Amino acid sequence: EHANVKGDRKLIIYSDMIANMPGFSMYIGVPAHYSDFAKSPYGRNAQALGLSGVSVTINLLANEQKTPQTNRLGDFWAHYFEANGSSVESIDAMEGL
């Protein structure tokens, strides 16, 4: 229903961006290549087609888990949003709460 919004479409995220669902968890590790994730059964169901044309800003909150937030994490999400028709304007590291 929000896909027909006129004007700038922006998504601003504050998160550690470490996905953790029953079918997919980045606590195990960030996939080496987004394309591998996209081909997986979970990845094929994790499409966000309503994000087409959206400008995304990610404010990456530090987490206290043992999962490192590396450039691979940022690359994964940049590829995810781009595959769904969005553009990632920035990924900015922030202190956790």
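Met94 comes out as partly exposed, because its relative accessibility is 33% (buried is under 20% relative accessible area, exposed over 50%, partly exposed in between, with a 1.4 Å probe and protein chains only). Bear in mind that this is a predicted model, where local features need pLDDT of at least 70, side-chain atom pairs count only at pLDDT 80 or more, and totals for chains, interfaces and linings use all residues. Residues are numbered from 1 along each chain as its sequence is written, and side-chain values use heavy atoms, leaving out hydrogens and water.

**Around Met94**
- Met94 sits in strand β5 (strands are DSSP runs of E, at least two residues, numbered from the N terminus).
- Together with Ile12 and Tyr14, Met94 makes a nonpolar surface patch of about 320 Å² (patch residues have over 30% relative accessible area and no salt bridge, with nonpolar side chains joined within 5 Å; a salt bridge puts a Lys or Arg side-chain nitrogen within 4 Å of an Asp or Glu carboxyl oxygen).

**The sheet**
- The order β1-β4-β5 gives an open sheet of 3 strands with parallel pairing (strands pair if DSSP finds at least two bridges between them).
- At the edges are β1 (10-15) and β5 (87-94), each pairing on one side only.
- β1 runs parallel to β4 (residues 55-61) over 6 bridges, and Lys10 stands opposite Ser55 in β4.

**Around Ser25**
- Ser25 belongs to strand β3 (residues 24-25) and counts as buried, because its relative accessibility is 16%.
- The Ser25 side chain makes a polar contact of 2.8 Å with the side chain of Asn20 (a pair of N or O atoms within 3.5 Å, one able to donate a hydrogen and the other to accept it).
- The side chain of Ser25 also reaches the backbone nitrogen of Tyr27 at 3.1 Å.

Definitions and conventions: Helices (H or I, at least four residues) and strands (E, at least two) are DSSP runs, numbered from the N terminus. Patches are made of residues with over 30% relative accessible area and no salt bridge: like charges are joined within 9 Å, nonpolar side chains (Val, Leu, Ile, Met, Phe, Trp, Tyr) within 5 Å. Accessible areas come from the Shrake-Rupley method with a 1.4 Å probe; for residues, only the protein chains shown count as cover.
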